[in-house]
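I opened this entry to note what I looked up, topic by topic. The structure comes first, then my notes.

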Amino acid sequence: MKSEELRPARAARVERATKETQIVVELNLDGSGQGEISTGMPFMDHMLGHIRQHGLFDLTIQAQGDLEIDEHHTVEDIAITVAQAIGQALGDKRGIRRMGWALVPMDEALAQVAVDISGRGVTALDMRFVNPKLGTMESHLLEHFVDSLARHAGININAKIVQGDNDHHRAEALFKALGRALDQATTLDPRLGGAVPSTKGTI
């Protein structure tokens, strides 16, 4: 459990419906890594599952999109909807640790991610992949997902694949690290006593 004294459920349900996608996200920040993810893109399901499992978030995502065109709209709109769910679940952000980081290996690969829930959606990403596709999905869309998540959630994300030869391992290490960094940053710190973790008094 992420805090001895949990506030009212830090949870959200967000729906997004456009002419391109229909998405429903249910998120509980104080979960245990439960939930079902179905996006129509098996590799994206796999990566989102790592965020859920290693972030210990209860996360359910049901997404339908115009995959007959390509995966771009669906990946972007999932990121937007997850970002909105994070924002709603965090509320005024009182008591959170705000920053988090993780260094995660996956076989020969290594990835590092640092996040700051600062209200500023800024990214510095080094996620270059050798292969144009991971599974059936274009590999560059993983970077687009992280960038869209950061921008719409107001989170600074610095993510880098440090080493590795296998693109699957490289991607998996990075998304595990992202989940762990987000877990650390969203966790309630009892020492804050409900204060906003900023010298400005607001985020």
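I began with the charges: the protein has 21 positive and 28 negative ones, and their mean positions are 8 Å apart. I counted Lys and Arg as positive and Asp and Glu as negative, leaving out His and the chain ends. I placed each charge at NZ of Lys, CZ of Arg, CG of Asp or CD of Glu.

Two notes on the source. I am reading a predicted model, where local features need pLDDT of at least 70 and side-chain atom pairs count only at pLDDT 80 or more, while totals for chains, interfaces and linings use all residues. Residues are numbered from 1 along each chain as its sequence is written, and side-chain values use heavy atoms, without hydrogens and water.

Next I looked up the elements. I found four helices and 10 strands, taken as DSSP runs numbered from the N terminus (helices H or I, at least four residues; strands E, at least two). From the N terminus, their order is β-β-β-α-β-α-β-β-β-β-β-α-β-α. The radius of gyration is 16 Å, close to the 17 Å of the globule rule for 203 residues, so the protein is as compact as a globular protein of that length. That radius is taken over C-alpha atoms, and the rule is 2.2 Å times the number of residues to the power 0.38. Along the principal axes, the C-alpha atoms fill a box of roughly 45 × 40 × 30 Å.

I then checked contacts (heavy atoms within 4.5 Å). Of those with a separation of 6 or more, 76% join residues 24 or more positions apart.

How much of the protein is buried? I noted 51% of the 203 residues, where buried means under 20% relative accessible area, exposed over 50% and partly exposed in between, with a 1.4 Å probe and protein chains only.

I looked for aromatic pairs (ring centres of Phe, Tyr or Trp, the latter by its six-membered ring, within 6.5 Å; planes under 30 degrees apart are stacked, over 60 edge-to-face, the rest tilted). There is one. The ring centres of F145 and F175 are 6.0 Å apart with planes at 35 degrees, so the pair is tilted. F145 sits in helix α3 (residues 140–153) and F175 in helix α4 (residues 167–186), 30 residues apart, and the pair links distant parts of the chain. F145 is buried at 1% relative accessible area, and F175 is buried at 0%.

Last, I looked up T202, which lies in the segment after α4. T202 is exposed at 52% relative accessibility. Its C-alpha atom is 8.5 Å from that of K93, 109 residues apart along the chain.
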